Amino acid sequence: MNYLAHLFLSGESTSILVGNFIGDSVRGNQFSTLDPAIQRGILLHRAIDRFTDTHPVVRRSKQRAQAVTGRYASVVIDVFYDHFLARDWACHHPMPLPEYAQSVYTILAGWLKEFPDRSRRFYYYMVTHNILESYGSIDGITTVLEQMAKRAKFESNMELAGNELVRGYRYYESEFREFMPELQYYNKQALAALTETS
């Protein structure tokens with residue numbers, strides 16, 4: 001899942017939210033010097049990614065997108081699923097998405113000194129372009145994917161992924177709706193397990 005989903009799945013804990021946000025930028029056991037609560041957020045991030053990457057519904061989505069984006073299909077599907085989460089945000093969270101996004105930006109700002117450089121750079125980009133809100137529209141998702149294509153190390157065709165979302169919209173939407181409740185159930189168990197070991 002992409003940034004919005006990871007933040008959403010962090011629950012009420014600020015430290016877990018921070019760890020979940022920086023999770024992609026922390027390699028191996030580099031987190032061992034961080035606050036234990038932030039470590040739990042990183043571990044949750046990794047658990048979410050493992051569950052997502054191996055789930056048969058997500059694999060179905062990836063196989064469809066692979067024809068356009070090749071090895072970057074996993075990244076693209078993460079963004080597609082964030083689009084459906086943002087679009088239907090009111091079904092998942094009591095706080096309106098604009099308020100939630102601003103709340104998250106404020107929380108993360110207080111931890112910037114703890115961030116790896118990559119996470120810090122993305123934070124500024126995310127806030128400047130209000131990325132979390134922009135996920136809710138196809139135009140916003142297309143822009144995000146075009147920017148990701150410019151940063152990709154190899155030819156990714158992610159700049160074409162917005163058209164792929166439109167083309168297969170009802171299939172990706174159906175797969176997200178099938179997958180999300182299972183992810184939320186798994187995440188609830190993972191959060192509880194991490195809390196028990198703290």
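Predicted model: local features only at pLDDT ≥ 70, side-chain atom pairs only at ≥ 80, totals over all residues.
View 1. Glutamate 173 belongs to helix α11, which covers residues 169-196. Its relative accessible area is 18%; because buried means under 20%, glutamate 173 is classed as buried. When neighbours within four places in sequence are left aside, glutamate 173 is in contact with Phe84 and Arg87.

**View 2. The largest pocket and its lining.** The volume of the largest pocket is about 930 Å³. Its lining is formed by 29 residues, and those nearest the centre of the pocket are Tyr3, Asp24, Val75, Arg118 and Met148. Two or more lining residues come from each of α1 (3-8), α3 (36-53), α5 (73-87), α7 (117-128) and α9 (138-151). Among these elements, α3 gives the most to the lining, with 5 residues. Sorted by class, the lining of the largest pocket holds 13 nonpolar, 10 charged and 6 polar residues.

**View 3. The second largest pocket and its lining.** The second largest pocket contains about 340 Å³ of space. It is lined by 18 residues, with Gly11, Glu12, Leu17, His93 and Tyr100 lying nearest its centre. At least two lining residues are supplied by each of α1, α2 (14-22), α6 (97-109) and α11. The element that gives the most to this lining is α6, with 4 residues. By class, the lining of the second largest pocket comprises 10 nonpolar residues, 7 polar residues and 1 charged residue.

Conventions: Residues numbered from 1 in each chain as written. Heavy atoms only, no water. Buried < 20%, exposed > 50% of the residue type's maximum accessible area, 1.4 Å probe, protein only. Contact = heavy atoms within 4.5 Å. 1 Å grid on protein atoms, 1.4 Å probe; cavity = no way out; pocket = protein on both sides within 12 Å on 5 of 7 lines; lining within 4 Å. Points joined across faces, edges and corners; volume = space filled by probe spheres on them. Nonpolar A, V, L, I, M, F, W, Y, C, P; charged D, E, K, R; others polar.
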